[in-house]
Amino acid sequence: MTSYLLETLKTRFPAAVLETHAFRGDETAVVKKEAWKEVAAYLKDELGFDLLLDLTAADYLPREPRFELVCHFYSTKHNYRLRLKCPVPAGDASADTLTGLWPGADWFEREAWDMFGITFAGHPDLRRLLMYDGFEGHPLRKDYPLKKRQPRLPHRD
Amino acid sequence: MDRKNPDLPKNWELEKLEDGRLVLNMGPSHPAMHGIVRILLTVDGERVTDADAEIGYLHRGFEKTCENVTWNQCVPYTDRLNYVSPFINNVGFALAVEKLMGIETPARCQYIRVIMSEISRITDHLTCLGANAMELSAFTVYFYLINAREALYRLGDSAAGGRVTPAYTRVGGLTRDLPPDFKRDAAEALASVRRNVADAEKMLTRNRIFHDRLRGTGAISKEEALGMSFTGPALRSTGVPLDVRKATPYLVYDRFDFDIPVGSNGDNYDRYLVRLEEIRQSARIIEQALAQLPDGPVNHPAYDVILPPKPEVYNSIEGLMAHFKLTFEGVKPPAGEVYQAVEGGNGEVGFYLVSDGSGRPWRLRLRPPCFPLTAGLPKLIKGGYIADIVATFGQINMIGGELER
Amino acid sequence: MGLETLFGHSYLTTRLDEAVNWARKYSFFNYPFVTACCGMEFMSTFASTYDISRFGAEYPRFSPRQADVLFVVGTVNEKLAPVLKRVYDQMCEPKWVVSFGVCATSGGFYDNYATVQGVDRIIPVDIYIPGCPPRPEAVLDALIKLQEKVSKESVLDRKYR
């Protein structure tokens, strides 16, 4: 399946784009981690994707690279959507921050750090967002047990 | 600072800075914080000079839990995301799984989903405006709007069997068809909504106190709102006419005639006006959908998607096996990933699903619309008065269930 | 600690109980500790259709020091548990706790790393309301049950800590 947008990306970043697909109509580009920020900046400045809808991660445990960062963009000018992904290996679970391009990425990246333990280089304030200080581990990782609780207060009974 | 109780989080106690400013806690349990969020304020007299929001007090592990249940068992969990507009989450999730499977539901089902989504949108806006008015001490309005909401809760109850948490959709259909008197009841409920909203509007829109407290507070520009990933009424109040129902129509929204209200100042008053108008537009959509509502089945015909009817389960081995397999293993979408967006009460509700081909989601991610709004809250309240926080927080319409999941 | 305990188990005490309990049970000041979905039904119960003021409990006090009844409305997670404990500790005796909805009662269908499996692991609870969320009728029923419970108490029962 060919799409003008994905072809443009492939021509512009021949070395960085690892794969493109459009499963069920969702156009997706997978890029190398090193080019993550560069491609995002190109999307914003040249292609008009002004709205960062969502930034999250996924854990594919036995696979290597283990994590994947997933971003959904929307262009209000062209009424167009794009998904951008980048694989993140477990040994070096970090990526460049997008907060310089979209300030709204701040909390999304904090959540990704909290839930998956992926750090973002250059993030202004990378703290836990949903869990509390003293919580060990990252709950959305596949190897975190579903019912492993870390209470802050001793429970009665 | 010397902390008196080491068990408590940092900055729990009132703190005085070197330059005379105070660090003040607002929340987590605070009368104006419907929902639980903690705002750390640095105040200079009555002025807020710095702010930071802390969330997570209602984190219930939605995404992790859903990875451990079948696709249809996720539906009740989606109710409790944005519990003010549960049908929209139900519909968004069902649409996402159907997109993943590449199936489409019958026309009647799509119309019913539209009707239910719009009912939810109205209840969402009624609750937001009612609570906001109450916090700004217009208590009567709260009663008017909650009465209107009550009429809609009864309507939803008659169709889905639940007032707040209906779990109405299934992958490939609905739990049941509409009850026989639904059209008449809906007309009555909408009349009640219109009457109560008109009453509330008379008391609020040109009310000097309400006007003074909302106009100009919590303002944000168009560019900043886009940069902060705002969607929904908060973005539309700045003048960006982005609504998923118009931009990328799902279900049968392209068959209805409705308007997208936009504001121009991006402040609390514009958000209020946008919400008020959206209630009317949603009522219009419901009326059109009820008039066009086709007859026919509500469920997808294939028995590997939807449970077979009971007579077939009891009387034929194929029906029994289909029922058994679907109950124990669940629907099995092919491996892949999709993102499906619907327009929720607060903005774009997006479901990002990853399937590995088994009966359970590998990854289920909700794009919560009030997450960026709450992230932008410090920006909105900085520079204003402490009292403006109440107005701004009410118009942000933070819903804990969806914010923290 | 009050003077009322001086009478011991006597005629005066039972008369005093009746008067005090009558006053207490029809004038609950409640503290709504609203966290989640149940808050929607809590709002409905307080609005005009169901009208909790018929039972004298319509007045929410958002200061724990002025409240008698703590309504724990919705899911409590591990992060919130110290907050709830602190609110409870700040309330003056006599105080009662209503666990509103199944999440507050037992954790409900949230059984994972984040949630507390019932607020009775944090604070003592007097009345549990089942339902996810409970309908307003169930809330009113629980309120009547709480009134019955209060009417059976004696001023000698409470240990004023």
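1. pLDDT is the predictor's confidence in each residue, on a scale from 0 to 100. Two residues are in contact if their C-beta atoms, placed from the backbone, lie within 7 Å. In chain B, pLDDT stays under 50 over residues 1-10, and the model has five contacts beyond four places in sequence for this stretch.

2. This is a predicted model, in which local features need pLDDT of at least 70 and side-chain atom pairs count only at pLDDT 80 or more, while totals for chains, interfaces and linings use all residues. Residues are numbered from 1 along each chain as its sequence is written, and chains are lettered from A and ligands numbered from 1 in the order in which they are written.

3. On confidence, the model scores ipTM 0.91 and pTM 0.90. Chain B averages a pLDDT of 87, with 96% of the residues at 70 or above. Chain C has a mean of 85, and 95% of its residues reach 70 or more. Within chain C, confidence is lowest in strand β2 (residues 59-60), at a mean of 81, and highest in β5(C), at 92.

4. Helices (H or I, at least four residues) and strands (E, at least two) are DSSP runs, numbered from the N terminus. Chain A has three helices and seven strands, and along the sequence they follow the pattern α-β-β-α-β-β-β-β-α-β. The C-alpha trace of chain A spans about 65 × 30 × 25 Å along its principal axes. Among contacts in chain A between residues at least 6 apart in sequence, 46% join residues at least 24 apart.

5. A residue is buried if 20 or more other C-beta atoms lie within 10 Å of its own, exposed if 12 or fewer, and partly exposed in between, with C-beta atoms placed from the backbone. By this rule 39% of the 157 residues of chain A count as buried.

6. Two strands pair if DSSP finds at least two bridges between them. In chain A, strand β4 (residues 67-75) and β5(A) pair in the antiparallel sense over nine bridges, with A:H72 opposite A:R83 in β5(A). Strand β5 (residues 80-88) of chain A also pairs with strand β2 (residues 28-31) of chain A, here in the parallel sense over three bridges. In that pairing the bridge partner of A:A29 is A:L84.

7. β4(A) and β5(A) form a hairpin with four residues between them. A:N79 lies in the loop between these two strands and has a phi near 50°, a positive value in a residue other than glycine. A:N79 is exposed, with 11 other C-beta atoms within 10 Å. In chain B, B:L251 also has a positive phi, of about 45°, although it is not a glycine. B:L251 lies in the loop between α10 (244-247) and α11 (268-292) of chain B and is buried, with 20 other C-beta atoms within 10 Å.

8. Two peptide bonds deserve a look. A cis bond joins A:E64 and A:P65, with omega about 0°; A:P65 is in the loop between β3 (51-59) and β4 of chain A. The bond from C:C132 to C:P133 is cis, with omega near -10°, and C:P133 lies in the loop between β5 and α5 of chain C.

9. In chain C, five strands form an open sheet in the order β2-β1-β3-β4-β5, with parallel pairing. The edge strands are β2 and β5 of chain C, each pairing on one side only. Three bridges join β4(C) to β5(C), and C:V98 stands opposite C:I127 in β5(C).

10. Helix α5 (residues 136-151) of chain C has 16 residues and reaches 23 Å from its first C-alpha to its last. C:P136, C:V139, C:A142, C:L143, C:L146 and C:V150 are buried in α5(C). Seen down the axis, the buried residues fall within an arc of 110°, so they line one face of the helix; the arc is that of the directions from the helix axis to the C-beta atoms. The face turned away from the buried side carries the exposed residues C:E137, C:I144 and C:E148. The buried residues of α5(C) pack against α1 (11-25), α2, β4 (96-100) and β5 (127-129) of chain C.

11. The contact between chains C and B takes 29 residues from chain C and 27 residues from chain B. On the chain C side, α2(C) gives the largest share, five residues.

Terms used
Expected span 1.5 Å × (residues − 1).
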